[in-house]
Amino acid sequence: MRTLLLAVVLLCGAAAHAQQPLAPGVVVVPGGFEADRQPDGNSLLLEGSEGWLLIDSGRHRAHAQAALAAAGGPVRAVLNTHWHLDHLGGNAWLRSQLPGLEAWGSPAITRALAPDGWLDRYRRQLVEALPSAPAAQGAVMRIDLELLDQADALRPEHEIRRASAVTIAGRSLRVGVETAVSGGDLWVLDTASGTLATGDLVTLPVPFLDTACPPAWREALERLSAQPFRRLVPGHGPVMSRADFERWRGGFDALLDCAGQGLHPAACAAVWRSRVDRWLDDAGRARVNGMLGYYFKTLLQAPPEQRERFCLRSR
Ligand SMILES: [Zn+2]
């Protein structure tokens, strides 16, 4: 269980990017990956005829505040791509500010928050570890604990269980459901602008494999590739063109192939870096080997019976 916590603490460090409007009624709120704190995922704001929809709410209050400020009008709804707190935690503060806010997500969020679900177990780890944690780490842990103490505010009341066309806040969307990263990963195609929000199905500086099923992830990326998108907003990292995404995907496949051939993690990390280096800043570059080394040990080159332990789950 200790490894769960370690995995989350590993995700620390790098700079936030400036905000960028993509198209009319389409605004990205970049996440951050700064030193000494947990990350925030990217958010995407879409304007519908009934107000704004926010896709992913980040973890920290400052991120959720930035999202509200970036919306050109009232935010009516939030859709969370998955249950990792860097995409879900902001719901708690948003609901305290916007009582009528409607939340959409996959049933995996409810499962993760349920007794003995992943987030419930993580909460218990935090409670156990906090008393002996050094002050700086304790402060980071307390942020997550406060979010998990508001589980009711994190849960979606509208569950999306299968790929479907949905209209939220008056904006027409195509939503896909995958299981590869967290057991319930939504991707959202804004059909009007051709903008695809992928959540953590696409991330930098590396794929976040903490709760992943690698073979299912490959298949999910094939389905993403088949979508008619012009630009892609990843869970972490800069906005991508279709060509960028295909390059990233080639790196992902090469990384998994390299791991599967039993090659050394550092050699595979070099293969990965050669594909994605154009998107990495110094902090990201410095983090690649450590993160991939950890994922090789815990998943990609773990004993065979452990490698697909996150594959046997339903949506
Ligand atoms: Zn994330």
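This is a predicted model: local features need pLDDT of at least 70, side-chain atom pairs count only at pLDDT 80 or more; totals for chains, interfaces and linings use all residues.

Guide: Residues are numbered from 1 along each chain as its sequence is written, and side-chain values use heavy atoms, with hydrogens and water left out.

Visitor: At what angle do the axes of helix 2 and helix 4 cross?
Guide: Helices (H or I, at least four residues) and strands (E, at least two) are DSSP runs, numbered from the N terminus. Axes are lines fitted to C-alpha atoms, for helices over the stretch in contact, and angles run from 0 to 180 degrees between N-to-C directions. Here helix 2 (residues 61–70) and helix 4 (residues 90–97) cross at roughly 55 degrees, their axes coming within 8 Å.

Visitor: Why are helix 2 and helix 4 described as oblique?
Guide: Angles under 35 degrees count as roughly parallel, over 145 as roughly antiparallel, 65 to 115 as roughly perpendicular and the rest as oblique. Helix 2 and helix 4 are therefore oblique to each other.

Visitor: Is the crossing of helix 2 and helix 4 left-handed or right-handed?
Guide: A crossing is left-handed if the near helix is turned anticlockwise from the far one by less than a right angle, and right-handed if clockwise. The crossing of helix 2 and helix 4 is right-handed.

Visitor: Which residues meet there?
Guide: Contact means heavy atoms within 4.5 Å. From helix 2, R61, A64, Q65 and L68 meet G90, W93 and L94 of helix 4. By class, this contact has four nonpolar, two polar and one charged residues; Ala, Val, Leu, Ile, Met, Phe, Trp, Tyr, Cys and Pro count as nonpolar, Asp, Glu, Lys and Arg as charged, and the others, Gly among them, as polar.

Visitor: How do helix 6 and helix 7 pack?
Guide: Helix 6 (residues 118–129) and helix 7 (residues 135–148) pack at an angle of about 135 degrees, with axes 10 Å apart. They too are oblique to each other, and their crossing is left-handed. In helix 6, L119, Y122, R123, L126, V127 and A129 meet M141, D144, L145 and L148 in helix 7. This contact divides into eight nonpolar, no polar and two charged residues.

Visitor: How many salt bridges are there?
Guide: A salt bridge is a side-chain nitrogen of Lys or Arg within 4 Å of a carboxyl oxygen of Asp or Glu. By this rule there are 15 salt bridges. One of them joins R249 and E246 (2.9 Å, N to O); both residues lie in helix 10 (residues 242–260), three residues apart, about one turn of the helix.

Visitor: Is R249 buried or exposed?
Guide: Buried means under 20% relative accessible area, exposed over 50%, partly exposed in between (1.4 Å probe, protein chains only). R249 is buried at 18%, whereas E246 is partly exposed at 30%.

Visitor: Which residues form salt bridges with R285?
Guide: R285 meets D277 (2.8 Å, N to O) and also D282, with the closest N and O atoms 3.0 Å apart. R285 and D282 are three residues apart in helix 12 (residues 282–300), about one helical turn. D282 is exposed at 61% relative accessibility, while D277 is partly exposed at 31%. Elsewhere, D116, D120 and R124 are linked in a network of salt bridges.

Visitor: Where does G72 lie?
Guide: G72 is in the loop between helix 2 and strand 5 (75–79), and is exposed at 69% relative accessible area.
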